[in-house]
Amino acid sequence: MEGLVTQIQGLSGTASDVLSLQNLLKQADDSLHAESTRLPPFLDQLDPSKHSLGYLYFLEACTAGPVTREQASSFVLTIARFISSCVAEQIRLAPDKFISVCKRFKDQVLLLEEPLRGVAPMLTAIRKLQLSSEHLTALHPEFLLLCLLSKCYKTALSILEEDIFEVDQPRDLFLYCYYGGMISIGQKQFRKALELLHNVVTAPMSTVNAIAVEAFKKYILVSLIHHGQFPTNLPKYASSGAQRNLKTLCQPYVELASSYSNGKIADLEMYVEANKDKFESDNNLGLVKQAVSSMYKRNIQRLTQTYLTLSLQDIANRVQLNSPKEAEMHVLQMIKDGEIYATINQKDGMVRFLEDPEQYKTCEMIERIDSSIQRLMTVSKKLNVMDELMSCDPLYLAKAGRERQRFDFDDFDNVPQRYNI
Amino acid sequence: MDFSVVNEALASNSFDKISDICDALMLQVAAEGVPFRDDWPFAIHLLGHIYVDDVNSARFLWKSIPATIKESQPELVAAWKIGQKLWTRDYAGVYEAIRGFDWTPQTQVLVAAFSELYTKRMFELLQSAYSTISIQDAAQFLGMSEEDATNYVLRKGWTVDPTSRMLTVTKQAIVKEQKLDPGKLQRLTEYVFHLEH
């Protein structure tokens, strides 16, 4: 052990030294795990900001076994300090170990019932592990989980705004998008929530998994809240398993959606009351209630398509509100949220519905369109790169070769199955 | 614990930064494992969220505060009452909550700034949503007496009909910037290039 410590101290200077150190550490890994109880004092001899890789190996071995509550408290502090002072280049040489340590950190923080303690360190860990802001690591869902449990929704949003192009493990993406959807729902950013949940339910999956089922339930509800409708079928690019099975697994929610589309609040409320227990056991009752109250909005919006002016009493009657005053408050709220363009005339008790005043001529609007076009161009370039890479992929070529149509004499040549370069 | 950043923000009237400063500081302190909740300025933190109209974050912060602290800090409860009224859209109730407590000097600065901002926001809402509104309702939305409310809106260009006690809204024409700068030409060239290839 002492010898290993000296080697770590000696070989952590240059990049090439660190690579040779890594080989030594890999060989010593089993003995480190065997001696895990003796290791903590050695950690004091190492400096996490200089000997990050060596420290990581020792730390991973120390924390591998079961940890008591007393030990958890000191480990949590050690790991948090390690995360903030370690060198990114060194820990990226052993990403699996780093991820293991961080996951144990999360477990211990939860054991201590202090999820807030883990939020800042986990965010730092993500930044050090990821190769770019487009890279989704296994730590992203852990971070979102900690944010959810400690109710730091605003902090989570900063990570959710980054576009992801590279994923290590599919399971990370499922969890990340599901938790991300929950956080967006909490901050009432329903458009973002819909986008994230959509990713979960349409992601490639050979068999339907539990995360996709729970995500689909929320997806239906958020769809009702944001769009006022739920598309009966998933898009074609969703996996066949999802298209066949998700609806049957989420039956109460699908029926809620069809009740919603009939537009009658009383029927909808009755259905919710009858199935309250199911929604509650899924922890979705709050979201269901939000969907129900969104129906008033939907019904008022529908009125704007038919009428230019309408009295508050009429609105109250048609939308099944209790009084003109209630109708006035609903319309006021919708005007405030930008969901409707109208003015209320209290003198006559009337509401006048207006056209969207946006003329798309202002500098502000041009900036918005500009930034959207820029984003589209970036995505387009990335797709081209991916397309080129895939066109050279042997598996793809073999399949395409087998399935392409043969029109010409030359087409009957076989596509090479293997490239020897 | 070092709250100098928070105090500086309060002193320099940068009220919109309070919520971000408090969030970042809380995460930092929590990561060090120091028990901080007893000394934390929750009332200021909560009001910081309310100031930037982020009632969601204010709600989540309130939920995460332990019950013992809620019971021992009446100012915190009073601060949350404002948030609650905003959450339930009790527009007039917000003013009652603001005036219904004797705030400590440091908190008073923030509350007063919020009150002013809120009145302004309410006025803008009335201006965009109503063509006519009763003096009574306007007074409730603006948190003023009927006479003060009438004078306030008259100064902003509205007209009043004393017999029907109705106010007529006059919208100010907002001129939005429409000039383009030459940099946009460069962008357009890039787009055409991209589409051609």
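Does Arg38(A) count as buried, partly exposed or exposed, and at what relative accessibility is it placed there?

## A first residue and its partner

The structure discussed here is a predicted model, and the opening question can be answered from its computed surface. Arg38(A) counts as partly exposed, because its relative accessibility is 42%, which lies between the limits of 20% for buried and 50% for exposed. The side chain of Arg38(A) meets that of Glu35(A) in a salt bridge, with 2.8 Å from N to O. Glu35(A) also counts as partly exposed, since its relative accessibility is 28%.

## Confidence in the model

For the model as a whole, the scores are ipTM 0.88 and pTM 0.89. In chain B the pLDDT averages 90, and 100% of the residues score at least 70.

## Salt bridges in chain A

Side chains of opposite charge can pair when their charged atoms come close. Over all chains, the count of salt bridges comes to 22. One of them joins the side chains of Lys97(A) and Asp29(A), with 3.0 Å from N to O. Lys97(A) belongs to helix α7 (residues 95-111) of chain A and Asp29(A) to helix α2 (residues 15-34) of chain A, so this pair ties together parts that are 68 residues apart in sequence. Both Lys97(A) and Asp29(A) are buried.

Another salt bridge is formed by the side chains of Glu134(A) and Lys382(A), at 3.2 Å from N to O. Here distant parts of the chain are linked, for Glu134(A) sits in the loop between α8 (115-129) and β1 (135-136) of chain A, while Lys382(A) sits in helix α21 (residues 363-391) of chain A, 248 residues apart. Glu134(A) is partly exposed, with a relative accessible area of 24%, and Lys382(A) likewise counts as partly exposed, at 26% relative accessibility. Salt bridges that share partners also build a network, in which Asp29(A), Glu60(A), Lys97(A) and Arg104(A) are joined.

## A sheet built from two chains

Six strands form an open sheet with mixed pairing, and their order is β3(A)-β5(A)-β4(A)-β1(B)-β3(B)-β2(B). At the edges stand β3 (309-311) of chain A and β2 (159-161) of chain B, each of which pairs on one side only. Neighbouring strands of the sheet are turned by 25° against each other on average, with direction ignored.

On the chain A side, β3(A) pairs with strand β5 (residues 350-353) of chain A in the antiparallel sense, over three bridges. Within this sheet, Ser311(A) has Met350(A) in β5(A) as its bridge partner. Where the chains meet, β4(A) and β1(B) run parallel and are joined by two bridges, and Ile344(A) has Tyr130(B) in β1(B) as its bridge partner. Further along, β1(B) and β3(B) run antiparallel and are joined by three bridges, with Leu167(B) in β3(B) as the bridge partner of Ile133(B). The strand β1(B) is mostly covered, as four of its five residues are buried.

## Helices lying across the sheet

Helix α20 (residues 324-336) of chain A lies across strands of both chains, namely β4 (342-345) and β5 of chain A together with β1 (130-134) of chain B, and runs at about 145° to β4(A). Helix α9 (residues 135-142) of chain B lies across β1, β2 and β3 (166-168) of chain B, running at about 95° to β1(B).

## Aromatic pairs

The structure holds 20 aromatic pairs over all chains. Among them, Phe3(B) and Trp40(B) form an edge-to-face pair, with 5.5 Å from centre to centre and 70° between the planes. Phe3(B) lies in the segment before α1 (4-11) of chain B and Trp40(B) in the loop between α2 (18-31) and α3 (42-51) of chain B, so the pair ties together parts that are 37 residues apart in sequence. Both Phe3(B) and Trp40(B) are buried.

Tyr91(B) and Phe141(B) form a tilted pair, with 5.6 Å from centre to centre and 55° between the planes. Because Tyr91(B) lies in helix α7 (residues 91-99) of chain B and Phe141(B) in helix α9 of chain B, this pair ties together parts that are 50 residues apart in sequence. Both Tyr91(B) and Phe141(B) are buried. In chain A, ring pairs link Tyr55(A), Phe82(A) and Phe98(A) into a cluster.

Notes
Residues numbered from 1 in each chain as written. Chains lettered and ligands numbered in written order. Predicted model: local features only at pLDDT ≥ 70, side-chain atom pairs only at ≥ 80, totals over all residues. Heavy atoms only, no water. Salt bridge = Lys/Arg side-chain N within 4 Å of Asp/Glu carboxyl O. Buried < 20%, exposed > 50% of the residue type's maximum accessible area, 1.4 Å probe, protein only. Pairing = 2+ DSSP bridges. Axes fitted to C-alpha atoms, helices over the stretch in contact; angles between N-to-C directions. Contact = heavy atoms within 4.5 Å. pLDDT = per-residue confidence, 0-100. Phe/Tyr/Trp six-rings, centres within 6.5 Å; stacked < 30°, edge-to-face > 60°.
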